[in-house]
There are 4 protein chains.
Amino acid sequence: MGTINVTIWNEFKHERSQSPAGDLIRRHYPEGLHRTLAQNLAADDLVIRAVSLDEPEQGLPEEILQSTDVLVWWGHCAHAEVNDELVDRIQKRVLAGMGLVVLHSGHLSKIFRRLMGTVCRLRWREVGEKERLWVVSPSHPIAQGIPETFVIPHHEMYGEPFDIPQDGKIVFMSWYEGGNVFRSGVAFERDRGKIFYFSPGHETFPIYHDPVIIKIIGNAIRWAAPQEVVLDRITPQPQALEKILSENPLACLDTSSLHKANTEEKKA
Amino acid sequence: MGTINVTIWNEFKHERSQSPAGDLIRRHYPEGLHRTLAQNLAADDLVIRAVSLDEPEQGLPEEILQSTDVLVWWGHCAHAEVNDELVDRIQKRVLAGMGLVVLHSGHLSKIFRRLMGTVCRLRWREVGEKERLWVVSPSHPIAQGIPETFVIPHHEMYGEPFDIPQDGKIVFMSWYEGGNVFRSGVAFERDRGKIFYFSPGHETFPIYHDPVIIKIIGNAIRWAAPQEVVLDRITPQPQALEKILSENPLACLDTSSLHKANTEEKKA
Amino acid sequence: MGTINVTIWNEFKHERSQSPAGDLIRRHYPEGLHRTLAQNLAADDLVIRAVSLDEPEQGLPEEILQSTDVLVWWGHCAHAEVNDELVDRIQKRVLAGMGLVVLHSGHLSKIFRRLMGTVCRLRWREVGEKERLWVVSPSHPIAQGIPETFVIPHHEMYGEPFDIPQDGKIVFMSWYEGGNVFRSGVAFERDRGKIFYFSPGHETFPIYHDPVIIKIIGNAIRWAAPQEVVLDRITPQPQALEKILSENPLACLDTSSLHKANTEEKKA
Amino acid sequence: MGTINVTIWNEFKHERSQSPAGDLIRRHYPEGLHRTLAQNLAADDLVIRAVSLDEPEQGLPEEILQSTDVLVWWGHCAHAEVNDELVDRIQKRVLAGMGLVVLHSGHLSKIFRRLMGTVCRLRWREVGEKERLWVVSPSHPIAQGIPETFVIPHHEMYGEPFDIPQDGKIVFMSWYEGGNVFRSGVAFERDRGKIFYFSPGHETFPIYHDPVIIKIIGNAIRWAAPQEVVLDRITPQPQALEKILSENPLACLDTSSLHKANTEEKKA
């Protein structure tokens, strides 16, 4: 089994804020969330890079994206700054097979909303209450080795209703002290790509130092890693394979000029 | 039961082309596909408007969109001309409950791809072969009154694989003389909106004069029409409903400036 | 719109127990849970019968079953007493279009497990703790007119993991004071029938006197009621519809005697 | 990676029939379908047993079932002869994680119907026509190494509508010369078990000698093989994990005698 190339993307704003909140966040993530995640996820089968929004091409030039097997995404206050062109490129690569692990407030990131087709709205409350997670799909690869229930002592509340598509497989559900519930770990497939949304990770708490959380993210990376796809012949305009008796050439006058844009798009 | 406000949108290009193909298409749809559909779908419970890309605000100014219960979409060679801003507005309205019926080559329209999150690629061949459709979900509202199988004598082939999300309910599947198969009628739900994709309707054949096809589109409109939703209280940042003992105010320092963008987005 | 014939089935054991628990339960349901439900659900569009396990043919002779549009099921300690033959008949009728609303401990009933194909195991605790329900699918017909969240002051806890199939649409999710979460209202479709599982209703609490709970059950009945299905031609062994050139009669020697059992089953 | 214990179960009736059909079938499968499958599937990572209905305990005594990782099932005319008690045991083992690959006419087997909850009815025609299969989910593990489309020269037709639950992932779809279409390869998950239905394999044709078919069945076996599930703590009646303030002991009078049957069932 080969290694998996992981790129952890972070908007990297909160950690550099000159404010009491920034001071607190830096205590947990002195060099940024992405670098802490990279350190804590380190394993023989993972080759991990940590990149951020302020880097050239917003941290994801084409050579990095094309050599990424699984992209981990953390963003919160700067979703709007991410270029639409970059979102296009990431979406294309996910649909071609790259895994995507979207963390916490990434539910509102452009790339997650693009792949879901919905707003990905939820309810939220920030008082630092207790969250308790439950494994809902015990046999899912992402749940292996995880206790049936475990606690995040203090977290931002994310609650239902959460307007994600219905084909997400629910791996974790959360209970909040303040009375809310949430589908906190949900696995999707879109074309050849796998996507996992996992809500833990508010920046003011040291959540990415918790070994259970890290194990889940590691499981998600390994689950989302692209399998080698042997079949890959896309012949968008194939010849007929069976004998056609009812062919109607009259009806198929040359519409090639009309169809030009469409054909090009189909080729893409 | 009230009436349903239907808006039929057509890019309206092929029907005005000065070419042999255009001449043929005009034989079927002298005033445009959208107007033929409007005439053939006419019923007491439907109030139908037909609009097109060349009209002001691409046919869908906000007052029309906001008064539309179900939008029917036909586009082919001019997908790229539709403004992204219009796509944003349509998506928002679908997610708020407006029905959307996407016809034929609309699988590549910006709005359908936006709602699916995928490329919506398929295989195709244009030789005018026979297509045979089958009802796969006999109890689905869109299949009511439709023969278990029926034929389109000559059509463009659309074939699998079709990279749509897995939660689409398959209402119709198609057989093509040339050896292909296709999920030709698929029903989705996204947030409060219902979406139906239906592949028949290539412009060089008089398909929207076929009473079975028209009945299916009419059924789809009635299925996709928004129910009156009584519950509609979105309180994105609710107070705690249960007593919180583990509150951690230290961890919740004022991050309001950091969160501003996010909050605004969540409100939207 | 016509009326819906509803049959409420109750095992009717707890309410007749000579024990302190029985005394308590009789305070809430003096004539049985089924009769209370019938009274509280009474509406112009519903024709309601209440039946129980101790009646002839366990309360569901064929003439009652065949004239039932929606069956409501409450059972707890006597699941094993229900005849397999009755379960067969109910399953057949659900698959043909009858609605089924399974309440509370009916998750372990033979009929629910038969239709799900799984054990329908869950976690449980009976200390009378608070349950809080959330609407997860605000636009679902069963959620109409229901508050976004509401409370059952004292209830038995039912918790995840709950091994139901993944295609259930989650309408409600529950939070429990003791730290558990649960998919407490889930809607399924199986062939032509609709099935709704709703967990509230432990017998020692007066839950079926709560107007919100009653409104949900009423909504579920109306949602599950069979639509008039116009298409109903099952021709299991149809003639070929398209010309077959590759017919291979040699390979199709008369296997009729071998296939007899199979054919009979297929006809059924 | 360890080996997978595979048991191939065959009713083994057609192959021993004294009739012209039997003679033909014996030409393809002289020692029975199950033994041919075992030979053709032979691989280093598979330990394969072939068993049949006429063996002690219908071929699946508990020691064989408990040591089976993936069960392959072929049955046709003798579904009714399979003991319900055996079906119970197989179902239990599938839900606990054993893979199940159901072939051809096994769609009407007791075990497949039990796991689906539906009749699994389809349309059929036996004239030996051409079937063409398409890969619908190119990235699914079962589709790896399989051509995008391939042909079975002569086969029994199985056609839509097929009343399986909606959460089956469609891996293959079939086109039939006579005009029908079918979801011919569908993957399900039920509790911890994976199930794959694959329609090719009518006994009068040498289909299980086709290397593409064999590769698909081999892929399905490897896909369905149980993962080692690390989490396996079922504590059906857990203590409260969070502080309960609203406990209501009055309402929880001793109902233990009433609940005895239920509790035992829940333990099971």
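Trainee: Which residues of helix H2 (residues 33-41) of chain B are buried?

Mentor: A residue is called buried if 20 or more other C-beta atoms lie within 10 Å of its own, exposed if 12 or fewer, and partly exposed in between, with the C-beta atoms placed from the backbone. Helices (H or I, at least four residues) and strands (E, at least two) are DSSP runs, numbered from the N terminus. In H2(B), the buried residues are Leu33(B), His34(B), Thr36(B), Leu37(B) and Ala38(B), and what covers them includes strand S1 (4-10), strand S2 (46-52) and strand S3 (70-74) of chain B.

Trainee: How should I read the numbering, and what kind of model is this?

Mentor: Residues are numbered from 1 along each chain as its sequence is written, while chains are lettered from A and ligands numbered from 1 in the order in which they are written. This is a predicted model, in which local features need pLDDT of at least 70 and side-chain atom pairs count only at pLDDT 80 or more, whereas totals for chains, interfaces and linings use all residues.

Trainee: What is the mean pLDDT of chain A, and where does pLDDT stay under 50?

Mentor: pLDDT is the predictor's confidence in each residue, from 0 to 100. Chain A has a mean pLDDT of 89, and 87% of its residues reach 70 or more. Over residues 256-268 of chain A pLDDT stays under 50, and the model has 18 contacts beyond four places in sequence for this stretch; two residues are in contact if their C-beta atoms, placed from the backbone, lie within 7 Å. For the complex, the predictor gives an ipTM of 0.91 and a pTM of 0.93.

Trainee: How many helices and strands does chain A have?

Mentor: The secondary structure of chain A comes to 7 helices and 9 strands, and 56% of its 268 residues are buried. Of the contacts in chain A with a separation of 6 or more, 70% are between residues 24 or more positions apart.

Trainee: In what order do the strands of the sheet in chain C stand?

Mentor: Strands of a sheet pair through backbone hydrogen bonds, either parallel or antiparallel; here two strands pair if DSSP finds at least two bridges between them. In chain C, an open sheet of 9 strands with mixed pairing has the order S2-S1-S3-S4-S9-S8-S7-S5-S6. Strand S2 (46-52) and strand S6 (149-159) of chain C each have a single partner strand and stand at the edges, so one side of each is left without a neighbour in the sheet. From one strand to the next, the twist averages 25°.

Trainee: Which helices pack on this sheet?

Mentor: Among them is helix H2 (residues 33-41) of chain C, which touches strand S1 (4-10), S2 and strand S3 (70-74) of chain C, with a direction that makes about 175° with that of S2(C). Angles run from 0 to 180 degrees between N-to-C directions, and axes are lines fitted to C-alpha atoms, for helices over the stretch in contact. Helix H4 (residues 84-95) of chain C also packs on the sheet, touching S3, strand S4 (99-103), S8 and strand S9 (193-198) of chain C, and its direction makes about 115° with that of S9(C).

Trainee: How many residues of strand S5 (residues 123-135) of chain C are buried, and with which strands does S5(C) pair?

Mentor: S5(C) is mostly covered, with 11 of its 13 residues buried. S5(C) pairs in the antiparallel sense with S6(C) over 8 bridges, where Glu131(C) stands opposite Ile152(C), and likewise in the antiparallel sense with S7(C) over 5 bridges, where Leu133(C) stands opposite Ser174(C).

Trainee: Is Asp44(C) buried or exposed?

Mentor: Asp44(C), in the loop between H2 and S2 of chain C, is exposed, because it has 6 other C-beta atoms within 10 Å. Leu46(C), found in strand S2 of chain C, counts as partly exposed with 18 C-beta neighbours inside 10 Å. Beyond its neighbours within four places in sequence, Leu46(C) is in contact with Thr3(C), Ile4(C), Val6(C), Leu41(C) and Ile221(C).

Trainee: How many residues of chain B are in contact with chain D?

Mentor: There, 14 residues of chain B are in contact with 14 residues of chain D. Strand S5 (123-135) and strand S7 (169-176) of chain B are the elements that give two or more residues to the side of chain B that touches chain D, and by class this side has 8 nonpolar, 3 polar and 3 charged residues. Ala, Val, Leu, Ile, Met, Phe, Trp, Tyr, Cys and Pro count as nonpolar, Asp, Glu, Lys and Arg as charged, and the others, Gly among them, as polar.
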